[in-house]
Amino acid sequence: MDPLYREYIIDHYKHPRNFGELEPHDAEFHDRNPLCGDEMGVHVALDGDRVSDVRFHGSGCAISQATASIISDELKGMTVPEIAELDRNWLTEQIGIELSPTRLKCGLLSLKVVQGALLGTREWPGGAEEGEDLTPEEAAKARSEI
Amino acid sequence: MEATTASGALPRTVDEIRADFPILAREINGKPLVYVDNAATSQKPASVIEAIDSYYRNSNANIHRSMHQLAAEATESYEGGRVKVASFIGATDPSEIVFVRNATEAINLVRYTWAREQIGSSDVVVLTEMEHHSNIVPWQQLCQERGAQLAYLTVDGEGKLDLDQLDAVLAGGRVRLVTVTHISNVLGTVNPVSEIARRAHEAGAKVLIDGAQAAPQIPLEVVTTEADFYAFTGHKMLGPTGIGVLWARLELLESMPPFMTGGSMIDKVESEYSTWAPPPARFEAGTPAIAEAAGLGAAVDYLSALGMRGVRSHERDLTAYALDRLADVPKLKVHGPRSADERGSLVSFEIAGVHPHDISEICNREAVCIRAGHHCAQPLMRRLGVAATARASFSVYNTRDDVDRLVEALEKTKSVFGI
């Protein structure tokens, strides 16, 4: 089995859930991964401070598109303070695959635009910096496995 | 043109050539390396690595200043590199070779010196849709600064330019510079640079050629390109990073003001003003990349010993083979000219339903190193209607086996994505 391109990843890539525009919406944000040009936008509808609906749109690699699809249902029902706490570790649990340093931002782009829409943040989610929670040996091993 | 008619055989077998490149012996994921990302950077033969090593072990000193033996040897390493590069590209005088960091810096040098003095309000800079960002952004900046205009020549469906468009914009009478890539880093298109230069000169414009892709792979006579400026980089032509070249005719260089200022580039320094050294020193402020010049000299020696006609012939045949093999892969589309005779040694492609980064990732599992992305050519990506492409690019040490391994990896990619 491929370590990255699991069947469900390919399925989410080919048939993304909650994909498209959402009208009306209460918050939106759009961003790019400057390294590779992947684009991701999001529309969010709120019920109070709770997410009632979400749609992603954009284009990019299987990892960025599938990640958006996978987390889209999880985001529904979360509050804005809860979404502010989401980071790399949460994302990795959701998608069920470990992302190498070169592909990490592909996965984090969807979370970044959601936090951008709801919190006005422009920073990458926690844990985005390449191997910041890895020892030098782990980081080197991760890079060699890219 | 010369690039399309070059013939010749390599004086040694490709297996013998491969043995000169230490990195080709390594494995990735337990599989022998297939390196087909040469348009990004080439690998280095042992002779280049040894030239750099030997310089630091035996001759390291600063050049042009000290009177001792080591300084003399260092100066010889550096200036010897200049003489070799001049000979390699058919320059008439080594003083026409200005060492810079890379092709980007060569283009910026022209932008900040000649162009800043010569291009003014309502003048026009002509470029093409197939330029690398390094030959776009400096001219955007110049035009914003000087109030000048950019005019893009478009790229047709087969990745070629239409010189009627050039004639039309030249007829406006305000073109001061035509800047064009010799070989496209995305499409592989070999542009008719001599014809472009002839037409531009008739209209009184100067011509800059971005030779970053061309210098490593075709027999090059800068004088016969009729360019005024020719820019290229060392690391794509078997040499080290950190050194590139701007070539220009000596009288043009002599007319130009300095780029960066400081040590080494002066004639004399008074308290309130200075005067400039003649070219090329005028454009080489500060301690330069001495070891890298020695390494580039060794790279040029290596390519010269093989003969650039043989290099071109080998890479043309490999590109033709790759075009044939890729044409048989369903759902795969190749960009650029259909014939290898009209191409440099690279092939950009896409597979319907698979993002190029995913192609690249799966190729890497098979130890096949390709490039995926916008290739620093976003205007061209928009023209092609894609966000990115995958690209395989060949050097003299690549083989038909490498192409076969690439095609196998692409088949595997399609299988993973259920295509």
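In strand β8 of chain B, B:K206, B:L208 and B:D210 point one way while B:V207 and B:I209 point the other way, and all are buried, where buried stands for 20 or more other C-beta atoms within 10 Å of a residue's own, exposed for 12 or fewer and partly exposed for anything in between, with C-beta atoms placed from the backbone. This is a predicted model, in which local features need pLDDT of at least 70 and side-chain atom pairs count only at pLDDT 80 or more, whereas totals for chains, interfaces and linings use all residues. Residues are numbered from 1 along each chain as its sequence is written, and chains are lettered from A and ligands numbered from 1 in the order in which they are written.

**Strands of chain B**

- Strand β8 covers residues 206-210, and strand β7 (residues 175-181) runs parallel to β8(B), joined to it by five bridges; helices (H or I, at least four residues) and strands (E, at least two) are DSSP runs numbered from the N terminus.
- Within this pairing, which requires at least two DSSP bridges between the strands, B:T179 has B:L208 as its bridge partner.
- Strand β4 (residues 97-100) is covered on both faces, with B:I97 and B:F99 buried on one side and B:V98 and B:V100 buried on the other.
- β4(B) pairs with β10(B) in the antiparallel sense over four bridges, and B:I97 stands opposite B:W247 of β10(B).

- Leaving aside residues up to four places away in sequence, B:L246 touches B:V98, B:V100, B:A106, B:L109, B:F229 and B:A231, a contact being a pair of residues whose C-beta atoms, placed from the backbone, lie within 7 Å.

- Helix α3 of chain B (residues 46-59) has 14 residues and reaches 19 Å from its first C-alpha to its last, close to the 20 Å expected at 1.5 Å a residue, a span taken as 1.5 Å times one less than the number of residues.
- B:V48, B:A51, B:I52 and B:Y55 are buried in α3(B), and the buried residues of this helix pack against α4 (69-88) and α12 of chain B.
- B:G242 lies in the loop between β9 (229-233) and β10 (244-248) of chain B, and counts as partly exposed because it has 18 C-beta neighbours inside 10 Å.
- B:G242 and B:A289 are 47 residues apart in sequence but 7.0 Å apart in space, C-alpha to C-alpha, and B:G242 also touches B:R101 and B:E292.

**Chain A and its confidence**

- Chain A has six helices and three strands, which follow the pattern α-β-β-β-α-α-α-α-α along the sequence.
- Of the 146 residues of chain A, 36% count as buried.
- Over residues 142-146 of chain A, pLDDT stays under 50, and the model has nine contacts for them beyond four places in sequence. Where pLDDT is low, the predicted coordinates should not be read in detail.

Key
Contact = placed C-beta atoms within 7 Å. pLDDT = per-residue confidence, 0-100.
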